[in-house]
Amino acid sequence: IDGYMAVYRRLVGRVVAEVADDGRRLTGRTILAIFGHPDDESLAWGGTLARVADAGALVVLLCTSRDER
């Protein structure tokens, strides 16, 4: 999991940096965000995903569980 999160942070950070650095829009790009639990996207990445969505990217969320115990 730690390796996965490190790769994910680098990839998302690169996209957000593109928007912040030169103001390029992300229209036509798709961000696939994969999370293990239903609330992970809002707790960990909500602000980042909102930022790329505001920049025009299509954000697709994939939850790999139903929060079963």
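**Overview of the predicted protein and its surface.** The protein exposes about 4,900 Å², of which carbon and sulfur atoms supply 54%, with accessible areas taken from the Shrake-Rupley method using a 1.4 Å probe and, for residues, counting only the protein chains shown as cover. This is a predicted model, in which local features need pLDDT of at least 70 and side-chain atom pairs count only at pLDDT 80 or more, while totals for chains, interfaces and linings use all residues. Residues are numbered from 1 along each chain as its sequence is written, and side-chain values use heavy atoms, with hydrogens and water left out. The protein has three helices and two strands, which follow the pattern α-β-α-α-β when read along the sequence; helices (H or I, at least four residues) and strands (E, at least two) are DSSP runs, numbered from the N terminus.

**Confidence across the elements.** The mean pLDDT of the protein is 77, and 72% of its residues reach 70 or more, where pLDDT is the predictor's confidence in each residue, from 0 to 100. Among the elements, β2 has the highest mean pLDDT (90) and α1 the lowest (67).

**The largest nonpolar core.** Nine residues form the largest nonpolar core, namely L26, I31, A33, F35, W45, L49, V52, A55 and A57; such a core is a set of buried Ala, Val, Leu, Ile, Met, Phe, Trp, Tyr and Cys residues joined through side-chain atoms within 4.5 Å. The elements that give two or more residues to this core are β1 and α3 (46-54), and the largest share, three residues, comes from β1. In soluble globular proteins, nonpolar side chains tend to be buried together. Buried residues make up 23% of the 69 residues in the protein, where buried means under 20% relative accessible area, exposed over 50%, and partly exposed in between (1.4 Å probe, protein chains only).

V52 has its place in helix α3 and counts as buried because its relative accessibility is 2%. The C-alpha atoms of V52 and R29 are separated by 9.6 Å, with the two residues 23 apart along the chain. A57 touches L26, T27, R29, I31 and V52, not counting residues up to four places away in sequence, and contact here means heavy atoms within 4.5 Å. Among contacts in the protein between residues at least 6 apart in sequence, 75% join residues at least 24 apart.

G28 lies in the loop between α1 (2-22) and β1, and it counts as exposed because its relative accessibility is 73%. G28 and A57 are 29 residues apart in sequence, and their C-alpha atoms are 6.3 Å apart in space.

L32, I34, L58, V60 and L62 make a nonpolar surface patch of about 400 Å². The elements that give two or more residues to the patch are β1 (30-35) and β2 (58-63), and β2 supplies the largest share, three residues. V60 is found in strand β2 and counts as partly exposed because its relative accessibility is 33%. Patches are made of residues with over 30% relative accessible area and no salt bridge, with like charges joined within 9 Å and nonpolar side chains (Val, Leu, Ile, Met, Phe, Trp, Tyr) within 5 Å; a salt bridge is a side-chain nitrogen of Lys or Arg within 4 Å of a carboxyl oxygen of Asp or Glu.
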